[in-house]
Amino acid sequence: RVLDDIQREYAAYDEARRSAISLYERGLKDEASAALESNHARTQHFWSLFRSFGGLAKADAESRLADAQRNVRWLGRVLVATSIAGALASLLVGFWWARRITKPIYELAVRLESAAERTRIQISPTRGGLDALGDQIAALVTKVEETDAALVEHRQRLVQTEKLSAIGELSAKLAHEILNPLAGMKAALQLMTREGPSESVSSAVLEVATALNREVTRVEGLVRRLVNYSRPLALRIEVVTIEELLRSALEAARRTLDAHAVTVTVKEEAGLPPVEVDPLLIAQVLVNLLTNAAQALAPTGGAVEVAARSVVVLGRREVAIEVADKGPGIPQSVLPNLFKPFFTTKPDGHGLGLALSQNIILEHGGRIAARTLPAEVGGGAAFEIQLPFVR
């Protein structure tokens with residue numbers, strides 16, 4: 001019955017693991033992480049089942065050995081001449097049963113030790129026997145979970161890289177085919193609007209030319225943003241403190257924040273180590289998040305909170321910087337598409353700000369995510385970036 005329980009528990013664990021991977025692939029990282037955390041309890045249950053199995057095996061072996069010894073004593077009292085043969089037979093039977101039970105456990109222990117060496121899992125040698133075997137199984141299951149999460153993350157980065165490659169090829173062609181004609185059109189329109197109304201150019205035509213000039217400028221800017229987005233990033237890595245990053249971002253976004261009557265509160269965990277990043281690019285990401293938060297609070301303004309704290313992701317210590325506002329929040333239907341190029345909910349937006357921010361963070365080996373804050377804490381939206389500390 002214990003072996004049946006082990007089989008059922010493993011099937012349930014494998015199904016939960018596959019469900020977590022599916023959540024990661026659909027972009028639901030928080031739900032996937034919660035599923036993985038809840039699955040850890042099943043690992044401990046594995047350990048207890050293996051202990052129960054070992055205890056039953058040991059009790060069975062001891063019971064059979066005791067029976068064999070009683071048989072030997074009984075045979076000795078009945079017939080002295082056959083006592084030696086009976087003792088040998090009993091020992092052989094006991095050895096056979098013990099070998100039959102302990103051999104699979106020994107082979108499992110050898111395989112676990114080999115797997116632990118290959119995956120560099122450190123297990124504290126405070127316990128022995130089946131307890132140590134259970135510890136090794138628990139450590140290997142945890143390693144498998146961490147590896148699965150890392151594979152999902154690498155797969156997402158690969159998809160992002162493939163998208164950027166395709167957009168890069170398209171944008172290079174568009175830049176050549178569109179920008180050159182646009183430059184001539186823009187020059188002609190500017191010349192027409194500069195001369196003002198005349199006998200050949202009425203005020204109505206001049207008004208249309210002005211509107212066309214604005215649209216041409218907008219299209220030109222969009223194409224140039226697309227080219228900048230798809231161009232490979234040339235990182236200039238420096239060792240900087242979290243305080244320096246936040247200060248430079250707030251200074252760069254100060255004019256926008258003041259224009260929208262937004263006040264910013266900074267909460268930084270004490271003793272945060274420095275990070276190895278391109279400070280200008282990371283400041284650009286933070287300025288973009290602060291600008292989005294200010295626009296979400298328009299037209300009345302409000303408060304934005306920037307918090308920096310230490311987190312552990314896949315056994316690696318990282319810094320998490322969160323920018324949260326008390327605006328209307330992000331609809332659930334929008335969240336899956338939020339970081340896709342050209343996706344925007346703003347009437348005059350181009351949909352490249354968050355996509356470029358994600359590209360910058362991924363190039364630094366980090367992550368960026370968004371969520372809607374619950375109503376019990378005031379609502380709003382929160383964007384969080386995670387970056388590894390200096391090793």
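**Loops, sheet and contacts**

Visitor: Where is Ala-261 found?
Guide: Helices (H or I, at least four residues) and strands (E, at least two) are DSSP runs, numbered from the N terminus. Helix H6 covers 242–259, and Ala-261 sits in the loop between H6 and E2.

Visitor: What pLDDT do side-chain atom pairs need to count here?
Guide: Residues are numbered from 1 along each chain as its sequence is written, and side-chain values use heavy atoms, with hydrogens and water left out. The model is predicted: totals for chains, interfaces and linings use all residues, local features need pLDDT of at least 70, and side-chain atom pairs count only at pLDDT 80 or more.

Visitor: Is Ala-261 buried, exposed or partly exposed?
Guide: Buried means under 20% relative accessible area, exposed over 50%, and partly exposed in between (1.4 Å probe, protein chains only). Ala-261 has 48% relative accessibility, so it counts as partly exposed.

Visitor: Which peptide bond is cis?
Guide: Most peptide bonds are trans. Pro-299 lies in the loop between helix H7 (279–296) and E4. With omega near 5 degrees, the cis bond is the one from Ala-298 to Pro-299.

Visitor: What is the strand order in the open sheet?
Guide: Two strands count as paired if DSSP finds at least two bridges between them. The edge strands, each pairing on one side only, are E2 (262–268) and E6 (367–372). Pairing is mixed across the 5 strands, in the order E2-E4-E5-E7-E6.

Visitor: What kind of aromatic pair do Phe-339 and Phe-383 make?
Guide: A search of the whole structure turns up 1 aromatic pair. Rings of Phe, Tyr and Trp (its six-membered ring) pair if their centres lie within 6.5 Å; planes under 30 degrees apart count as stacked, over 60 as edge-to-face and the rest as tilted. For Phe-339 and Phe-383 the centres are 6.4 Å apart and the planes at 80 degrees, so the pair is edge-to-face.

Visitor: How many residues apart are Phe-339 and Phe-383?
Guide: Both are buried. Phe-339 is in the loop between strand E5 (316–325) and helix H8 (353–363), while Phe-383 is in strand E7 (residues 381–388), so to speak a link between distant parts of the chain, 44 residues apart.

Visitor: How many residues of H8 are buried?
Guide: Among the buried ones are Leu-354, Leu-356, Ile-360 and Ile-361. H8 is largely enclosed by the rest of the structure, because of its 11 residues the buried ones number 8.

Visitor: Which strands hold Arg-309 and Glu-384?
Guide: A salt bridge is a side-chain nitrogen of Lys or Arg within 4 Å of a carboxyl oxygen of Asp or Glu, and Arg-309 and Glu-384 meet in one at 3.0 Å, N to O. Arg-309 is partly exposed at 34%, whereas Glu-384 is buried at 14%. The pair ties together parts 75 residues apart in sequence, because Arg-309 lies in strand E4 and Glu-384 in strand E7.
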